[in-house]
Amino acid sequence: MKKLPLLPHVYQKLGFVLFIPFLALGIAVLATDFEFTWLTYHFSVRDNTLMAVHTQNFTDEMASAGCIISLMLIAFSKEKTEDEAIQFFRLASLQWAVILNYLVLIVGILAVYGMGFLSVMTYNMFTILIIFVIRFRFVLFQHNRSAA
């Protein structure tokens, strides 16, 4: 079986370390509208003769990007011992995650309308990686427990 190109194992640990603060930041942004003031950008837009100043804060974008990057580091880093069985578990977990992700998306399409659908699509960005990581870790746990 051909080896998959994966990141070194140390990046997996880095991903777990980064995921916790970015997840906490994302929850804080959603729950309390938390914003870092240093991530606020002011820009001017000229409309005919009027000049309007707009403000955009990038805290939520930073939280989302950080969660995605950290989940990708977790998902696509080698295990300490990477063999064909682990590669098979990785591939099967990814397939399982894609199928389940699209089932969740279909339910969201059929059940949610209006601005709530935007929230469903936002959360759906993360579900494939979260499902993959949870499923892969669970399969590895079961495999290691049965091998011991």
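**Group meeting: salt bridges, rings and a surface patch**

Arg90 and Glu82 form a salt bridge, with the closest N and O atoms 3.1 Å apart. The term means a side-chain nitrogen of Lys or Arg within 4 Å of a carboxyl oxygen of Asp or Glu. A word on the source: this is a predicted model, where local features need pLDDT of at least 70, side-chain atom pairs count only at pLDDT 80 or more, and totals for chains, interfaces and linings use all residues. Residues are numbered from 1 along each chain as its sequence is written, and side-chain values use heavy atoms, leaving out hydrogens and water.

Back to the pair. Arg90 counts as buried because its relative accessibility is 4%. Glu82 is buried too, at 17%. Buried means under 20% relative accessible area, exposed over 50%, and partly exposed in between, with a 1.4 Å probe and protein chains only.

How many salt bridges does a search of the whole structure find? Two. Glu79 forms one with Arg137, the closest N and O atoms being 2.8 Å apart. This pair links distant parts of the chain: Glu79 sits in the loop between α2 (59-75) and α3, Arg137 in helix α4 (residues 115-147), 58 residues apart. Helices here are DSSP runs of H or I, at least four residues, numbered from the N terminus. Glu79 is buried at 12%. Arg137 is partly exposed at 24%.

Now the rings. The whole structure holds six aromatic pairs. Phe76 and Phe132 are one of them, stacked, 5.9 Å centre to centre with 15° between the planes. Rings of Phe, Tyr and Trp (its six-membered ring) pair if their centres lie within 6.5 Å, and planes under 30 degrees apart count as stacked. Phe76 is in the loop between α2 and α3, Phe132 in helix α4, 56 residues apart. Phe76 is partly exposed at 28%, whereas Phe132 is buried at 1%.

Phe132 also stacks with Phe136, 5.7 Å centre to centre and 5° between the planes. Why are these two separated by about one helical turn? Because they are four residues apart in helix α4. Phe136 is buried, at 2%.

Elsewhere, ring pairs link Phe34, Phe36 and Trp38 into a cluster.

Last, the surface. A nonpolar patch there includes Trp96, Leu103 and Ile109. Patch residues have over 30% relative accessible area and no salt bridge; like charges are joined within 9 Å, nonpolar side chains (Val, Leu, Ile, Met, Phe, Trp, Tyr) within 5 Å. Ile109 lies in helix α3 (residues 84-111) and is partly exposed, at 43%.

Note on methods. Areas by Shrake-Rupley, 256 points an atom, 1.4 Å probe, with all protein chains shown as cover. Phe/Tyr/Trp six-rings, centres within 6.5 Å; stacked < 30°, edge-to-face > 60°.
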